[in-house]
Amino acid sequence: MTTIKEILSRFQEIASNPDNRLQGYIKDGKKVIGCFPYYVPEELVSAADMVPFGIWGAEGTISAAKEYFAAFYCTIAQMNLEMGLTGKLKGLSGVIVPSLCDTLRPLSQNFRVAVPDIPFIFVAHPQNRKKEFGVQYTVDIYGKIKKQLEAIAGHKITDEKLTAAIDVYNQSRAARRTFVRLAGEHPEAVTPAERSAVLKSSFFMTKQEHTVMVNELNELLMALPNSDWQGIRIFTSGILADNKNLLGILEENNLAVAADDVAAESRGIRVDVPKHPDPLYALALQFGEQDHDPLLHDPELNNRPEYIIKQIRSCNAKGVVILMMQFCDPEEMEYPDLKKALEQEAIPHIIIGVDQQMRDFAQARTQIQAFADVLSMA
Amino acid sequence: MEQEEKKAAKIMLREVVDQVYQEAWDAKKRGEPVGWSSSKFPAEIAETLGLKVCYPENQAAAVAAKHGGQRMCEAAEGMGYSNDICAYARISLAYAAGEEAEEKPMPQPDFLLCCNNICNCMTKWYENIARMHNIPLIMFDIPYNNETEVSEESVAYLKGQFYDVIGQLEAISSRKWDEERFEEVCKNSNRTAKAWLKACSYCQYEPSPLSGFDLFNHMADVVTARCKPETAEAFEALAEEYEQAVKDGTSTWRYDENYRIMFEGIPCWPVLRTLFTPLKNKGINTTAVVYAPAFGFVFNNLEEMMKAYYKAPNSVCLETGVKWREGICRENKVDGVLVHYNRSCKPWSGYMPEMERRFRKDLGIPVVGFDGDQADPRNFSEAQYTTRVDGLFELMEENKKGRGSV
Amino acid sequence: MGNDGFSYTLGIDVGSTSSKCVVLKDGKEIVSKALVPFGAGTSGPERARKEVLEQAGLLETDLSYTLATGYGRNMVEGADAQMSELSCHARGACELFPDVRTVIDIGGQDAKVLRINSNGMMENFVMNDKCAAGTGRFLEVMARVLEVDINEMAVLSARSEKKVDISSTCTVFAESEVISQLSNNADKCDIISGIHRSVAGRTGGLAKRLGVLPQVVMTGGVARNAGVVKALEEELKVPIFTSPLAQYAGALGAALFGWQKYIRN
């Protein structure tokens, strides 16, 4: 078990110190491109030999960003701006900012004008992304991003490099999916906090580096005997699930994450880039195939609730913990239908309001403890 | 042929909107499919195919103005919708789920026309209704534009969707697309837009021949009926009335016009009178409203039409939004800006702090904000609002005397 | 084990604003109870424990089991176990009202609605958002603005003759609404009635999210305010049961769970 713990400890070190990682890359002379939520085509960055760095807020206090946002905005957006304003993102060679929700729209503008020193790349993802004209539009906007990245990198991004980057990312996604399954099967070896660190650290490493470590870990987990862990498996849903206090409370109550529908975790790794002679087109096709996410319009309207139920059943979770990012419209608007689907299937759930400024976890502790009681009686 | 007694424009305008709802009810009775549409979905398409459509945003505003907003919002919250969600959406979702709204009833939808140029919330809102009713959702996606011009690829994307939407609506209406009828409809909507903009432009006169708050009411027509010739006629009549008022030196603003302001944001429908009173008492007329001219869709061909629909207040980049507002502030000679920080509208309220700074710097006038909500009365405080208006008044006084700096 | 041959268990409920204790004999009879209006982080819990033992004529060593619940449950010294106040309120409410299916608990800082199944076990729950509106804190603030004793509010609201609405969901805005009403010479009784309806509206919304199944019971400190109970009955259109022991439901449930754990060992 020591070797598994060693690797997990390395992942935790990386996940807890993004700033060190960033400075490390910069010192090595690498160009780092900050990637805001959601669905940034990181393969383009990687193909330009630059480092894609996930920037999904941070735990902290919002202060400078108050000059741009009233209180009722999600902390991820506000903290991203806060970090930009307080120099924490200094050294980035660029940021890529999508606009898939009503907070990202003003965030993109505010960030662009408030942090003018960091070259700004905008992503106008289409919601009608499956039909041919939609795929074409994705190709067009990804093409624009590619050009801007080339200008920053100082050289062209060849199709060969892009194809190779796609391979790297497909392998990375596959490795992470395997880890999610194995961690769900072996809660005795991987605590909720450790699981989160493995996934979160992928934001702060090149995918090549990350995959090497994940593969190593996966092998060791696969070698374990069948688990006889006696706790309760749950399913998580939300935007972020990386708060160490909350994860610790899950562990305290003998709850383990069997699988997740979390934007920063599994939502980003469900879909691989398909094979296509034109790698840019392949990336556009991949975006077209992303689904089951409240942020993305799905013309097959009822797919998502059905998909989530299927996920829950196949990982043998007994209940669902929804980590509702405060002020997140898309998640809030999806909730009633998710709730209905869960109730129809008699799958218990709780919903905990979270944000990155949380300091008091008493209510969350009470809810999770009570939920564990409810699940153990079921 | 002249009528003996000319109908007042505001009556014509009200009748146009009543007609929209009536036609929807009649169509429903006849067994025809009736649609619900986003306010900035290209209305020309449904109109060309003879489909009757009504507008949940207009309904929500009317319900809120008649004091049904809280009840409907609470009903939505009881269904599990967070009170953080846009109040228009909450009201509409409650109604779609079967809550009665005697304040402004509307036939339930058979299809949905969703366009997200004004916000992303639209998409989730309409998806929820489509699921509730198990009906088709026609999605016209207009992504946010970070640039001042609309790019070629964006026009291409919209054109692709335009033809796709036509196909979907042909199936729903069981009618074929008629290009000639489309041209006629576009002529109407352009005429309406021009007449609307013309009417709004009378705010530039000092004193203004109209109370700016009137435009909030007249806006319903340009939201719900811009493709109808009656609407164009009504706005042209309105413009004529203003023209006459300028000549006669009269105004629908019956108070002193000590100061002129731009009102930024959607009005707080449940408390319009409360918004109006302190302004009236201090002689502050609203001579520029951003929300209203946002509906001036003028275009000569399909490409221009696609570009026109790219221009909603929440879909243009910061610089364009500022330019637009500073333009009407200058043209309409405002002395100050009153900003509604609308709890229901995250995209809009998200730009305002930076825009405020630019207004102060570029225009040299005071800017004051207040907290409110377009339709949920629980997010508004009369005491706070009145204090802020008093503050704005005092700043404008100082500014006029040239003593203070803003 | 007490030296009279009976087994005594102690339930301690340390809330944010008060500490409650209940001593149970053989898991059946309430021997003593105590309430101190000071909660977590104060001397309240210890004072309540001392008081309840004195009342029962017992020493700490006479206790077979001590179970702590509430916001401050993890800081109670010498507790054998701790459980969430959700489970304990559910258990306590069930003891007081065997037919209960929905428990509404409005405490000092939060509000919760619990679903009890036909076996008397809690099977689902919802808690309020991070917000003071609709909690005991909200009522305290309003009582202060109106310069009335919070314990008088029920009696005063019963005298209301005219409908005055306090609609703001934000406590700060609501305060300003109340002040505005007072300046316009609105009757205090009418305002208090409006405040009660506001709390009922918030709590009712929470309850509807879970679904309201009779028998509905209210526990927690605010249950002692008959004005809120009545307003909630009107909001939810169901009779709501409560008991003078309502505030002790958490401690009672804790003592009962303590008994269960003791006999299992």
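Predicted model: local features only at pLDDT ≥ 70, side-chain atom pairs only at ≥ 80, totals over all residues.
**Chain A on its own**

- The C-alpha trace of chain A spans about 60 × 50 × 45 Å along its principal axes.
- If you count up the secondary structure of chain A, you get 14 helices and eight strands.
- Buried residues make up 55% of the 378 in chain A.
- Take the contacts in chain A with a separation of 6 or more: 75% of them come from residues 24 or more positions apart.

**Where chain B meets chain A**

- Here 40 residues of chain B are in contact with 42 residues of chain A.
- On the chain B side, the elements that put in two or more residues are helix H6 (121-133), strand E4 (137-140), helix H7 (152-173) and helix H14 (346-363).
- H6(B) gives the most to this side, with eight residues.
- Sorted by class, the side of chain B that touches chain A has 18 nonpolar, twelve polar and ten charged residues.

**Where chain B meets chain C**

- This contact draws twelve residues from chain B and ten residues from chain C.
- Two elements of chain B, helix H4 (69-78) and helix H15 (382-401), each give two or more residues to the side that touches chain C.
- H4(B) gives the most here, with four residues.
- By class, the side of chain B facing chain C comes out at two nonpolar, six polar and four charged residues.

**A helix pair inside chain B: H4 and H5**

- Two packed helices are described by the angle between their axes and the distance between the axes.
- For H4(B) and helix H5 (residues 87-96) of chain B, the angle is about 75° and the axes are 8 Å apart.
- Angles of 65 to 115 degrees count as roughly perpendicular, so H4(B) is roughly perpendicular to H5(B).
- From H4(B), the contact uses Gly69(B), Met72(B), Cys73(B), Ala75(B) and Ala76(B).
- H5(B) answers with Ala87(B), Arg90(B), Ile91(B), Leu93(B), Ala94(B) and Tyr95(B).
- By class, the contact of H4(B) with H5(B) has nine nonpolar, one polar and one charged residues.

Note on methods:
Residues numbered from 1 in each chain as written. Chains lettered and ligands numbered in written order. Contact = placed C-beta atoms within 7 Å. Nonpolar A, V, L, I, M, F, W, Y, C, P; charged D, E, K, R; others polar. Buried ≥ 20, exposed ≤ 12 C-beta atoms within 10 Å, placed from the backbone. Axes fitted to C-alpha atoms, helices over the stretch in contact; angles between N-to-C directions. Parallel < 35°, antiparallel > 145°, perpendicular 65-115°, else oblique.
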